[in-house]
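My entries follow in the order I made them.

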Amino acid sequence: LNHYDVALVQEDFSYHSQLITQAGHAFRSEPMSHSLALMADGLNWFSRFPFGWIHRVRWAQCNGYLGAASDCLADKGFSFGELTLASGVTVDVYNLHAEAGGSPLDIAVRRDNFEQLADYLRSRSRERAVIVGGDTNLRMSVRGDAETLERFLAVTGLRDACHRFGCGDERIDRVFFGSSRDVEIDVLGWWADRRFVDAQGSPLSDHPAIGVELSWQKRSDAELFAGR
């Protein structure tokens, strides 16, 4: 995690104390304290930039307790916070973990997840620079998932960071971003980070971490005027 200025983690259900042992980030989120399910949301933040209070939102729908990926056993959803990049420069950041599973009902619930997130984004972050990262569980080989992603990007105006560089093998972990009239965000690089392994070289996760290099620039009043 220390290779990154900001790290958004998912499925941080049971080993948080081990995860933070050697993390060098000055700012870290506290795990969800009140869960309505067997496990909390598993969404946590590590950052070298300060951020304010983390607001956690549960998905309105889930599918499966003892089957269909058992999503309802965890309080899955998304978290939101305001990240301060420099004095007077902030960006809204979202960390998410969407419905898993491949049944028709899973696909429908996943679509509802992203509709819920899009509604929140349009309400809270309409005029803001935005970064959204996490485990989307969206597979472009599945027609319903591809349609969900296409609609999410269309209604929010966000861009998928991997598209400029070619996403390579299908990835369900994605980073989206969008600029505002005050802050311009762009993507400089995207990669699958395979350094997350144990002492024997075995992967720590069932899918490799995704790394993204983003740039930001504060827009001046002159630039805003010229762009009208």
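Entry 1: I began with Asp145, which counts as buried because its relative accessibility is 1%; buried is under 20% relative accessible area, exposed over 50%, and partly exposed in between, with a 1.4 Å probe and protein chains only. I noted that this is a predicted model, in which local features need pLDDT of at least 70 and side-chain atom pairs count only at pLDDT 80 or more, while totals for chains, interfaces and linings use all residues. Residues are numbered from 1 along each chain as its sequence is written, and side-chain values use heavy atoms, with hydrogens and water left out.

I then looked up the partner of Asp145 and found a salt bridge with the side chain of Arg110, at 3.1 Å from N to O. The term stands for a side-chain nitrogen of Lys or Arg within 4 Å of a carboxyl oxygen of Asp or Glu. Arg110 lies in helix α2 (residues 104-124) and Asp145 in helix α3, so the pair ties together parts that are 35 residues apart in sequence. Helices (H or I, at least four residues) and strands (E, at least two) are DSSP runs, numbered from the N terminus. Arg110 is buried as well, at 2% relative accessibility.

**Entry 2: other salt bridges.** I found 15 salt bridges in the structure. Asp71 and Lys76 form one of them, at 2.4 Å from N to O, and both residues are buried.

Arg164 and Asp186 form another, at 2.8 Å from N to O. This pair links distant parts of the chain, 22 residues apart: Arg164 sits in the loop between β8 (159-160) and β9 (173-178), and Asp186 in strand β10 (residues 183-193). I read Arg164 as partly exposed at 46% relative accessibility, and Asp186 as partly exposed at 23%.

I also noted a salt-bridge network that links Glu82, Asp92, Arg124 and Arg128.

**Entry 3: nonpolar cores.** Which members of the largest nonpolar core touch the most other members? They are Val91, Ala161, Ile185 and Val212, out of 20 residues. I took a core as a set of buried Ala, Val, Leu, Ile, Met, Phe, Trp, Tyr and Cys residues joined through side-chain atoms within 4.5 Å. At least two residues of this core come from each of β5 (77-86), β6 (89-97), β9, β10 and β11 (209-218). β10 supplies the largest share, four residues.

I listed the contacts of Val91 (heavy atoms within 4.5 Å). Leaving out residues up to four places away in sequence, Val91 touches Gly81, Glu82, Leu83, Leu85, Arg128, Ala129, Val130, Ile131 and Ile185.

**Entry 4: a three-stranded sheet.** I followed an open sheet of three strands in the order β1-β3-β2, with antiparallel pairing. β1 (6-9) and β2 (27-28) are at the edges with a single partner strand each, so one side of each has no neighbour in the sheet. Two strands pair if DSSP finds at least two bridges between them. β1 and β3 (residues 44-47) have four bridges, and Val9 has Asn44 of β3 as its bridge partner.

**Entry 5: the largest pocket.** I put the space in the largest pocket at about 1800 Å³. Of the 50 residues that line this pocket, Leu1, Ala7, Leu8, Val9 and Ala209 are the closest to its centre. A pocket here is an open set of points on a 1 Å grid over the protein atoms alone, where a 1.4 Å probe fits, with protein on both sides within 12 Å along at least five of seven lines; lining residues have an atom within 4 Å of a point. Grid points are joined across faces, edges and corners, and the volume is the space filled by probe spheres set on the points. Which element gives the most to the lining of the largest pocket? β11 does, with eight residues.

**Entry 6: positive phi and a loop.** I found a positive phi of about 55 degrees at Glu11, which is not a glycine. Glu11 is in the loop between β1 and α1 and is partly exposed, at 43%. Asn137, also not a glycine, has a positive phi of about 55 degrees. Asn137 is in the loop between β7 and α3 and is buried, at 11%.
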